[in-house]
Amino acid sequence: MKGIVLAGGSGTRLYPITKGISKQLLSVYDKPMVYYPISVLMLSGIDQILIISSPEDLINYKRLLGDGKDFGVSFSYIEQPKPEGLAQAFILGKDFIGKDNVALVLGDNVFYGRGFGKLLLNSMNNVESNNRATIFAYPVKNPENFGVITINKFNVATSIVEKPKNPESNLAVVGLYFFPNNVVEYALKIKPSKRGELEISTINQIYLQNNNLDVQHLGRGFTWLDTGTHDSLLEASNFVKTTEKHTGYKIGCLEEIALSKGFINKSQFKELINIYSKTPYGTYLNKILNEN
């Protein structure tokens with residue numbers, strides 16, 4: 001399976017701080033925002049990752065992440081000339097995806113919760129073994145601002161509506177999706193919505209109508225944060241800071257995940273520590289090395 005991080009868009013809701021930098025390169029406490037979605041893919045065991053962003057911003061992602069060898073993964077990059085909806089990611093990434101299944105995560109989403117790694121592996125296996133799509137749902141106070149999913153008592157999806165005026169549930173479809181390879185075919189066939197975008201909800205509807213869609217319900221014990229506004233960006237930073245301080249472990253530490261997943265060995269991990277030798281981040285990596 002391959003993974004895509006969609007890190008495009010103009011970030012206008014965060015103006016003026018995003019007038020000169022891509023939103024997903026802003027910091028969420030002690031790491032660039034894009035580290036968090038990348039960590040989700042790596043926790044899923046995915047080591048081939050495509051970063052999609054605007055032509056003017058892509059060079060900064062390359063400067064930050066390189067080719068991925070520091071983390072034992074491979075990063076590829078594709079320009080998104082104009083944001084035309086989330087489903088556009090599968091069209092832009094068509095050649096990268098090839099004949100593989102694919103996971104898509106939005107570049108401004110932060111996930112946290114005990115057992116989250118197991119849910120990710122289950123979702124990946126569901127696609128790889130059963131050829132079924134998996135999406136994630138999370139309860140929110142303002143469902144009218146999201147794609148809303150309704151599920152029955154058997155946890156089976158019955159409807160998906162994009163930003164409904166009268167939501168039938170409070171379950172938002174969050175920015176994480178696992179799809180079979182035929183998602184590329186679907187993306188190429190769908191038409192833009194009234195908003196002029198290729199909606200991910202349209203893709204989800206296709207899988208729902210084909211009875212080929214499963215839902216992972218992130219309930220109590222899980223946290224999902226969308227960092228698209230000034231308040232939510234600050235809330236995410238405060239959440240990460242508090243959680244890391246209380247648990248003693250970092251969220252979205254790519255080096256740590258690379259070591260735990262066997263993408264890199266201890267010798268390679270030691271080399272990474274030298275980069276951060278005079279920082280608290282380096283101190284943390286030393287702690288992880290000693291624990292291993």
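Helices and strands are DSSP runs, numbered from the N terminus. The model described here is predicted.

The second largest pocket has a volume of about 520 Å³. At least two residues of its lining come from each of helix H1 (35-43), strand E7 (109-113), helix H5 (116-130), H8, helix H9 (254-260) and helix H11 (280-291). H1 gives the most, with four residues. The lining comprises 24 residues, and those nearest the centre of the pocket are Leu 43, Tyr 112, Lys 250, Ile 251 and Gly 252. By type, eleven lining residues are nonpolar, nine polar and four charged.

The largest pocket has a volume of about 1,300 Å³. Strand E11 (171-179), helix H7 (200-209), E13 and H8 are the elements that give two or more residues to its lining. Of the 45 lining residues, Arg 13, Lys 23, Leu 106, Asp 108 and Asp 226 lie nearest the centre. The lining divides into 13 nonpolar, 20 polar and twelve charged residues.

Thr 227 lies in the loop between strand E13 (222-226) and helix H8 (230-247). Thr 227 counts as buried because its relative accessibility is 0%, the cut-off being under 20%. The Thr 227 side chain reaches the backbone oxygen of Asp 108 at 2.9 Å. Contacts of Thr 227 beyond four places in sequence include Leu 14, Lys 23, Met 33 and Val 110, as well as Ser 232, Leu 233 and Ala 236.

The largest nonpolar core has 54 residues, with Ile 38 and Met 42 making the most contacts inside it. Beyond four places in sequence, Ile 38 touches Val 5, Ile 49, Ile 51, Leu 65, Phe 75 and Leu 254. A second, separate core of 34 residues includes Phe 90, Phe 96, Val 173 and Leu 208.

Technical notes:
Residues numbered from 1 in each chain as written. Predicted model: local features only at pLDDT ≥ 70, side-chain atom pairs only at ≥ 80, totals over all residues. Heavy atoms only, no water. Core = buried A, V, L, I, M, F, W, Y, C linked by side-chain atoms within 4.5 Å. Buried < 20%, exposed > 50% of the residue type's maximum accessible area, 1.4 Å probe, protein only. Contact = heavy atoms within 4.5 Å. Polar contact = N/O pair within 3.5 Å; in protein donor to acceptor, adjacent residues only side chain to side chain. 1 Å grid on protein atoms, 1.4 Å probe; cavity = no way out; pocket = protein on both sides within 12 Å on 5 of 7 lines; lining within 4 Å. Points joined across faces, edges and corners; volume = space filled by probe spheres on them. Nonpolar A, V, L, I, M, F, W, Y, C, P; charged D, E, K, R; others polar.
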